[in-house]
Amino acid sequence: MKHLIFFTTGEWTGLVLRMTAGLIMLPHGLQKSFGLFGGFGFKASMEYFTGTMRLPWIISLMVVVIETLGPLGLIFGVFARIWALALIIVMIGAIITTTAKNGLFMNWYGTQNGEGFEYHLLFIGICVAILFCGSGRFSVDEIMK
């Protein structure tokens, strides 16, 4: 089991993938947790998820936690495969609950009712690649293998 979680090839690919995913997702988590980058913070995010979206409290909490701690785990290469899998689940949930009805494309011209899910698919692809190659160079997982 330890091999499945920590194994990494030690190549640059894992480093690039996890840094990309971590640095892209971290501001989203910080918006939800602390209200940074124009976000609404923990209380308002939880109220939105549980009230407006009608998600169970525990699922709402897990989204906030995964979007905040998951990117940090990826950036430092700690349990990268587990965080990548958790973020895949969050992105699939976001597609199902929010963006699927708007189609694939982002709302570049303001003509749709909301954003599409192309960003989510790209992010899922990056996380799937992390599942295959692991954390790569300069990661805690590389040390732990």
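Mentor: Let us begin with a definition: a helix here is a DSSP run of H or I with at least four residues, numbered from the N terminus. The model is a predicted one. Just after helix H6, glycine 134 takes a positive phi of about 85°.

Trainee: How do you know that the span of H6 agrees with its number of residues?

Mentor: The expected span is 1.5 Å times one less than the number of residues. With 16 residues, H6 should span 22 Å, and its end C-alpha atoms are 23 Å apart, so the two agree.

Trainee: Which residues of H6 are called buried, and what covers them?

Mentor: They are His120, Phe123, Ile124, Ile126, Cys127, Ile130 and Cys133. Their cover includes H2, H4 and H5.

Trainee: Why is cysteine 127 called buried?

Mentor: The term requires under 20% relative accessible area. Cysteine 127 has 0% relative accessibility and therefore counts as buried. Cysteine 133 is likewise buried, because its relative accessible area is 15%, and the cut-off is 20%.

Trainee: What makes tryptophan 57 exposed?

Mentor: Exposed means over 50% relative accessible area. Tryptophan 57 has 54%, so the term applies. This residue is found in helix H4. Leaving aside neighbours within four places in sequence, tryptophan 57 is in contact with Met46 and Thr50. Its C-alpha atom is 9.1 Å from that of glutamate 47, 10 residues apart along the chain.

Trainee: How much space lies in the largest pocket, and which residues are the closest to its centre?

Mentor: About 910 Å³ of space lies in the largest pocket. The lining has 33 residues, of which Lys32, Phe49, Glu67, Ala94 and Thr98 are the closest to the centre.

Trainee: Which helix gives the most to that lining, and how do its residues divide by type?

Mentor: H5 gives the most, with nine residues. Helices H2, H3, H4, H5 and H6 each supply at least two. The lining divides into 18 nonpolar, 12 polar and three charged residues.

Methods: Residues are numbered from 1 along each chain as its sequence is written. This is a predicted model: local features need pLDDT of at least 70, side-chain atom pairs count only at pLDDT 80 or more; totals for chains, interfaces and linings use all residues. Side-chain values use heavy atoms; hydrogens and water are left out. Buried means under 20% relative accessible area, exposed over 50%, partly exposed in between (1.4 Å probe, protein chains only). On a 1 Å grid over the protein atoms alone, a cavity is a set of points where a 1.4 Å probe fits but cannot get out, and a pocket is an open set with protein on both sides within 12 Å along at least five of seven lines; lining residues have an atom within 4 Å of a point. Grid points are joined across faces, edges and corners, and a volume is the space filled by probe spheres set on the points. Ala, Val, Leu, Ile, Met, Phe, Trp, Tyr, Cys and Pro count as nonpolar, Asp, Glu, Lys and Arg as charged, and the others, Gly among them, as polar. Contact means heavy atoms within 4.5 Å.
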